[in-house]
Amino acid sequence: MQADISDAEKLYIAQGVAQGVRNDGRGCHDARPLELELGVVAQANGSARLHVGATDVMVGVKVSLVSPDAAEPAKGQVFATVECSSCASPEFKGRGGEDWGIDMAAALQSALQSSLDLGSLVVLAGKTVWAVHLDCLVLNDGGGVLGALSVAARAALAVTRLPKVEVTMGEGDDDEPEIELGDDSEGTPMGVTRVPVIVSVAQIGSRCVVDPSAEEEPCASAVLHFAVGPGGRLGAATKTGAGGIPQPALLEMLEAAQQLGPKVLRELDGFLAASAAAASARAA
Amino acid sequence: MAAAPATAGSSKPASVPLQPLPRPATLVADGTRLDGRGLEEFRTVFLDTRVISRAAGSAYAEFNSTKVMAAVYGPRQGERRFGFSDTGRLNVEACFTSFARREGGRQAQRAAEKELASCLAAALEPSVDLGKLPKSVLDVYVMVLEAGGSEAAVAATAASLALADAGVELFDLVAACSVSDVSGQLLLDPSAAEAAQQRGGLLLAAMPSLGEVTQLQMSGDWAPGAARDALELALGGCAQLRAGMRDTLLAAEAARQQQRRRDGGDGGGGGGGGGAAAMQE
């Protein structure tokens with residue numbers, strides 16, 4: 001999304017980037033620090049709120065039992081929705097944020113579908129599977145929203161517990177099996193190790209910067225969004241912006257994303273492990 | 001289901017089960033693909049321009065069973081609801097014929113059309129000098145006649161050829177190609193059967209002479225090194241394709257010039273005699 005800044009400000013930012021300086025003091029390959037809160041929504045099975053610079057997003061995960069898609073009976077389902085609060089940016093007022101939200105939801109959903117173990121979400125083959133609903137809310141747009149959503153989504157999924165399910169088969173062949181839900185606290189975690197984070201790399205002038213802020217985004221001729229998994233594995237990638245990217249810059253952007261992605265994942269996993277340890281210490 | 005013979009009295013014909021896409025176990029053997037190509041080889045490419053007489057420019061691209069038609073209309077005055085703009089706008093619309101794809105219902109088709117249109121718009125926009133067309137709109141219509149794999153890449157190539165045929169000022173031709181990672185091997189310009197079994201796929205659109213990339217879409221799962229190799233393979237493919245596009249445009253222009261010269265030499269009544277002159281030859 002575009003922050004409302006003047007041409008003079010754009011020039012100032014672009015010239016700064018050309019010399020390797022960014023207006024918030026970062027280097028070209030530095031991401032902004034993450035500030036994460038877990039379990040912020042009591043009604044959800046897992047939730048997280050993330051501040052990255054001025055960007056503020058919230059993700060809630062809800063799971064429900066549904067009958068599987070006829071085409072893929074042995075797979076669970078993942079759905080993502082992104083809602084852009086009209087407080088977040090003047091462009092979101094009315095239905096302004098809708099299309100943007102749909103695009104981001106599609107990006108998140110495809111990243112999750114290819115990285116979550118959908119086979120493990122099956123409760124009763126061909127009859128009942130878990131549907132994971134990821135509800136994302138953009139509270140403030142300070143740039144790099146898609147990246148922030150992906151980090152918050154991974155965090156929220158990591159703290160989600162699938163409730164314990166007990167299946168009682170009916171006596172006869174025609175009887176429907178009975179499904180009993182257990183308590184949330186004794187549920188099983190979902191495997192999220194392969195879930196990627198999305199790293200945005202913007203092309204400003206002849207250089208590229210990672211994790212662009214709201215002021216840098218309108219200065220960029222093009223932005224590439226890479227889904228990066230552990231070890232620098234790449235998932236989906238998309239491009240926004242109306243400019244072309246010089247070929248050598250493309251490979252440089254790819255490399256920058258592959259370096260930053262695992263770093264973010266390590267930071268996130270360290271935090272999640274520490275908070276899980278703290279929670280179990282409190283319980284003991 | 002027992003195949004009941006269709007009689008005149010039967011109210012409804014027996015439904016025919018949908019043929020699933022064949023999924024051969026091995027797609028590549030000894031560096032040769034099922035259709036006889038090498039790993040880094042295009043399908044048989046056929047390009048043509050000026051196939052739709054009413055359009056300002058048009059093109060037809062055929063990569064074996066992937067067949068795409070593109071037409072460019074305009075530039076025309078922009079709609080009032082978009083307000084004043086000192087640059088032009090590219091309006092891209094894409095559609096699949098109802099028999100283009102094997103799978104998917106109406107709704108899935110509409111979603112695919114929307115996605116294809118936005119992908120094409122992003123691929124083409126950097127190549128058009130929109131600063132020269134203030135307050136105007138260029139309409140680009142793309143029709144996928146048959147989707148035999150890599151249709152987005154073929155569509156982008158055809159659309160760029162149509163833009164060039166329309167005489168729109170371009171920075172460079174846009175050539176696009178897809179690469180699939182099928183069990184660790186990188187395949188250029190995958191067919192539908194190959195793309196169905198890919199672990200990772202990418203679409204790259206580039207302006208090879210300018211050395212700029214206009215669109216990149218990746219999906220699936222890519223090992224760290226493979227992504228880089230695939231990008232380089234796709235860049236090479238785009239450069240190769242661009243040479244073919246250029247030849248097509250040059251050949252078409254040369255043919256037209258020859259036609260004009262012949263018409264002029266006849267010294268006949270002028271307009272409208274083009275077709276007849278060709279018949280006499």
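Analyst: Helices (H or I, at least four residues) and strands (E, at least two) are DSSP runs, numbered from the N terminus. This is a predicted model, where local features need pLDDT of at least 70, side-chain atom pairs count only at pLDDT 80 or more, and totals for chains, interfaces and linings use all residues. Residues are numbered from 1 along each chain as its sequence is written, chains are lettered from A and ligands numbered from 1 in the order in which they are written, and side-chain values use heavy atoms, with hydrogens and water left out.

Start with the interface. On chain B, 24 residues are in contact (heavy atoms within 4.5 Å) with 24 residues of chain A. Together the chains bury about 2,000 Å², and 55% of that is on carbon and sulfur atoms. Buried area here is the accessible area (1.4 Å probe) that two parts lose on being put together, summed over both.

Two salt bridges run between chain B and chain A. A salt bridge is a side-chain nitrogen of Lys or Arg within 4 Å of a carboxyl oxygen of Asp or Glu. One of the bridges joins D221(B) to R233(A), at 3.1 Å from N to O. In general, side chains of opposite charge can pair when their charged atoms come close. Between chain B and chain A, eight residue pairs are in polar contact, both residues at pLDDT 80 or more. That term means a pair of N or O atoms within 3.5 Å; within protein, one must be able to donate a hydrogen and the other to accept it, and residues adjacent in sequence count only if both atoms are side-chain atoms.

Which elements of chain B supply at least two residues each to the side that touches chain A? They are β11 (212-220) and α4 (224-266). β11(B) gives the most, with nine residues. By class, this side of chain B has 13 nonpolar, six polar and five charged residues. Here Ala, Val, Leu, Ile, Met, Phe, Trp, Tyr, Cys and Pro count as nonpolar, Asp, Glu, Lys and Arg as charged, and the others, Gly among them, as polar.

Two bridges join it to β15 (residues 245-246) of chain A, and the two run antiparallel. Strands pair if DSSP finds at least two bridges between them. I245(A) stands opposite V213(B).

Next, pairing inside chain A. G60(A) has D135(A) as its bridge partner. β6(A) also pairs with β4 (residues 77-84), in the parallel sense over eight bridges. There F79(A) stands opposite H133(A). β5 (residues 122-124) of chain A joins β6(A) by two bridges, antiparallel. Their hairpin has three residues between the strands, and G126(A) takes a positive phi near 75° there.

Two backbone details belong to chain B. The peptide bond from G74(B) to P75(B) is cis, with omega near 5°. P75(B) lies in strand β5 of chain B. D30(B), a residue other than glycine, has a positive phi near 55°. D30(B) sits in the loop between β1 (28-29) and β2 (32-33) of chain B.
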